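Dear colleague,

I am passing on to you the structure we discussed. Please find the sequence and the coordinates directly below, followed by an account of what was found.

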Amino acid sequence: MNPGADADPAEAVRDRHFMRIAIDQAHNAWALGEVPVGAVVVRAGKVLATGFNHPVGTSDPTAHAEIRALRAAAELVGNYRLTECDLYVTLEPCAMCAGAIQHARIRRVVFGATDPKTGAAGSVVDLFAEPRLNHHASLLGGVEADACGALLREFFADRRRELAAQRARDEEMARLATDPRLRGIEVRFDDEEPAAPE
Ligand SMILES: [Zn+2]
């Protein structure tokens, strides 16, 4: 049984509210061409810090939404221990983030969509249920899961479309380059910048 279901209606409303803020953060990642994952750290019912996935733009493999939100929160409170804080994230945390969450002593983790490839909260492994690890966080998954998952699906569908268009374009350019009737003629697509004069 889902431990969060029907447990406390006010808490369920609160969880959806903060998850929507995490979804806004995921949109920030998408706007920069990054896989759309967002996170917020909440303390005493208020957003303390936010983060979005940004490893490509920052050349930083640790720049996941959760890590960025945890860093910002810890800096704000001047303590790496965030014992009174809850973390909301749109995607199931990976092993790295699960580790950081445990080091930060986060009280409660709420995530949206599951991640069958790298999820460390039950999908691939469950580091939150591992009795040999000194963990503190309670866990709830599936909050606004449809919206969180749809965002990721749309992002990857978009990316596949872009790649397919680029491939078609490259193939067409290669074909034109070998067309003897076009020898000596410069071919350019309409949406390309004109070549700088030499
Ligand atoms: Zn992660």
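The notes below go from the whole chain to the sheet, then to the helices, and end with single residues.

Please bear in mind throughout that this is a predicted model.

Overall form

The secondary structure of the chain amounts to five helices and five strands. Along the sequence these elements follow one another as α-β-β-α-α-β-α-β-β-α. The radius of gyration is 22 Å, whereas a compact globule of 198 residues would have a value near 16 Å. Taken along the principal axes, the box filled by the C-alpha atoms is roughly 70 × 40 × 35 Å. Of the 198 residues, 34% count as buried. Among the contacts between residues at least 6 apart in sequence, 54% join residues that are at least 24 apart.

The sheet

The five strands form an open sheet with mixed pairing, in the order β2-β1-β3-β4-β5. Strands β2 (46-52) and β5 stand at its edges; each has a single partner strand, so one side of each is left without a neighbour in the sheet. On average, neighbouring strands are turned by 20° against each other, direction ignored.

Two of the pairings may be described in detail. Strand β1 (residues 38-43) runs antiparallel to β3 (residues 85-91), and five bridges join them; within this pair, Arg-43 of β1 has Cys-85 of β3 as its bridge partner. Strand β1 also runs antiparallel to β2, to which six bridges join it. Here the bridge partner of Val-40 is Thr-50 in β2. The hairpin of β1 and β2 has two residues between the strands, and in this hairpin Ala-44 takes a positive phi near 50°. Although β2 is an edge strand, β2 is mostly covered, with five of its seven residues buried.

The helices

Helix α5 packs on the sheet, where it touches β3 and β4 (108-113), and its direction makes about 55° with that of β4. Is α5 largely buried or largely in the open? Of its 33 residues, the number buried is two, so α5 lies largely in the open.

In α3, the buried residues are Ala-65, Glu-66, Ile-67, Arg-68, Ala-69, Leu-70, Ala-73 and Ala-74. What covers them includes α1 (9-31), the strands β1, β2 and β3, and helix α4. The 13 residues of α3 should span 18 Å at 1.5 Å a residue; the end C-alpha atoms are 19 Å apart, which agrees.

Helix α4 (residues 95-103) has Cys-97, Ala-98, Ala-100 and Ile-101 as its buried residues. Seen down the axis of α4, these fall within an arc of 160°, so they line one face of the helix. The buried residues of α4 pack against α3, β3 and β4.

Residues with positive phi

Ser-59 has a positive phi of about 50° although it is not a glycine. Ser-59 is placed in the loop between α2 (55-58) and α3 (65-77). Glu-144, likewise not a glycine, has a positive phi near 55°, and Glu-144 lies in the loop between β5 (138-140) and α5 (145-177).

Glu-144 has 23 other C-beta atoms within 10 Å, and the threshold for burial is 20 or more, so Glu-144 is buried.

With kind regards

Methods
Residues numbered from 1 in each chain as written. Predicted model: local features only at pLDDT ≥ 70, side-chain atom pairs only at ≥ 80, totals over all residues. Helix = DSSP H or I, 4+ residues; strand = E, 2+ residues; numbered from the N terminus. Buried ≥ 20, exposed ≤ 12 C-beta atoms within 10 Å, placed from the backbone. Pairing = 2+ DSSP bridges. Axes fitted to C-alpha atoms, helices over the stretch in contact; angles between N-to-C directions. Contact = placed C-beta atoms within 7 Å. Arc of directions from axis to C-beta. Rg over C-alpha atoms; globule rule 2.2 N^0.38 Å. Expected span 1.5 Å × (residues − 1).
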